[in-house]
Amino acid sequence: MNDAINLSRMRDAAFTAEVEALSGQNVSTCYQCGNCTAGCPAGLAYDLQVNKIMRAVQLGLRDEVLNSRSIWMCLSCSTCSLRCPNNIDVAGIMETLRHMARKDGRVTVPKVEKFWFSFLDTVRAFGRTYEIGTMALFMMRSMRVFTDVDLAPEALKKGKLGLKPHVLPKGAAPVSRIFERYKERAKREGVRP
């Protein structure tokens, strides 16, 4: 994809309104200063830089945005939001766009979604993340069985990976209830949980 946004595509004014409603942000206050893009640590992996995503949302370019790999590569670190002079929660908009893309069946980086589900499955089971469990689930889902296995011994030696999951004092039940409420809501809204 080249650096310019293709303005000949069909514009969807309802898309801009939907993003604003779902994110709670006023996208029209973005004046393209570029601070979000300049601070983004994942920008090297993006096909469409953050400020261009914001501009495409302003212009209602639904397909351009929801088909972008960038919304899936976002680290959710909130550097963009912290740097925004207009106090726009840009990271929140990126998350909103991921949810919208997923709802439309437009997952352009499936490995990210697989990692997301692996992480959430361990949180659901243990009440918090379990790193080794997350990686094992991800490796099975992505069929990347031997990827990064060489890093495990060093991480274990430094105490970065626990062999057993952490147990919450009240167990995983409170967190499981959150997942159940989400599942019920997703079913009502016709979204794949």
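In the predicted model, Leu97 contacts Phe15, Val19, Ile53, Val57, Val65, Leu66 and Ile71, with neighbours within four places in sequence left aside.

Helix 3 is mostly covered. Eight of its ten residues are buried. These are Val50, Asn51, Ile53, Met54, Ala56, Val57, Gln58 and Leu59. Just after helix 3, the backbone at Gly60 adopts a positive phi of about 75 degrees.

Positive phi values also occur at residues other than glycine. Ser78 has a phi near 70 degrees. Ser78 sits in the loop between helix 5 and helix 6 (79-83). Its relative accessible area is 27%, so Ser78 is partly exposed. Asn87 likewise has a positive phi, of about 55 degrees, and is not a glycine. Asn87 belongs to the loop between helix 6 and helix 7. With a relative accessible area of 67%, Asn87 is exposed, because the cut-off for that class is over 50%.

Helix 8 (residues 110-126) packs against helix 11 (residues 173-189). The axes of helix 8 and helix 11 lie 7 Å apart, at an angle of about 130 degrees. The two helices are therefore oblique to each other. Helix 8 contributes Leu120, Val123 and Arg124 to the contact, and helix 11 contributes Val175, Ser176 and Phe179. By class, the residues of this contact are four nonpolar, one polar and one charged. An α-helix has 3.6 residues a turn, so residues three or four places apart point the same way.

Helix 8 also holds Ser118. Ser118 is buried, with a relative accessible area of 0%. A polar atom of the Ser118 side chain lies 3.2 Å from the backbone nitrogen of Phe138. Residues up to four places away in sequence aside, Ser118 touches Thr134, Leu137, Phe138 and Arg141.

At the level of the whole chain, the fold is helical. The protein chain has eleven helices and zero strands. From the N terminus on, the order of elements is α-α-α-α-α-α-α-α-α-α-α. Along the principal axes, the C-alpha atoms fill a box of roughly 50 × 40 × 30 Å. Of the 193 residues in the protein chain, 36% are buried. Among contacts with a separation of 6 or more, 69% link residues 24 or more positions apart.

Definitions and conventions:
Residues are numbered from 1 along each chain as its sequence is written. This is a predicted model: local features need pLDDT of at least 70, side-chain atom pairs count only at pLDDT 80 or more; totals for chains, interfaces and linings use all residues. Side-chain values use heavy atoms; hydrogens and water are left out. Axes are lines fitted to C-alpha atoms, for helices over the stretch in contact, and angles run from 0 to 180 degrees between N-to-C directions. Helices (H or I, at least four residues) and strands (E, at least two) are DSSP runs, numbered from the N terminus. Angles under 35 degrees count as roughly parallel, over 145 as roughly antiparallel, 65 to 115 as roughly perpendicular and the rest as oblique. Contact means heavy atoms within 4.5 Å. Ala, Val, Leu, Ile, Met, Phe, Trp, Tyr, Cys and Pro count as nonpolar, Asp, Glu, Lys and Arg as charged, and the others, Gly among them, as polar. Buried means under 20% relative accessible area, exposed over 50%, partly exposed in between (1.4 Å probe, protein chains only). A polar contact is a pair of N or O atoms within 3.5 Å; within protein, one must be able to donate a hydrogen and the other to accept it, and residues adjacent in sequence count only if both atoms are side-chain atoms.
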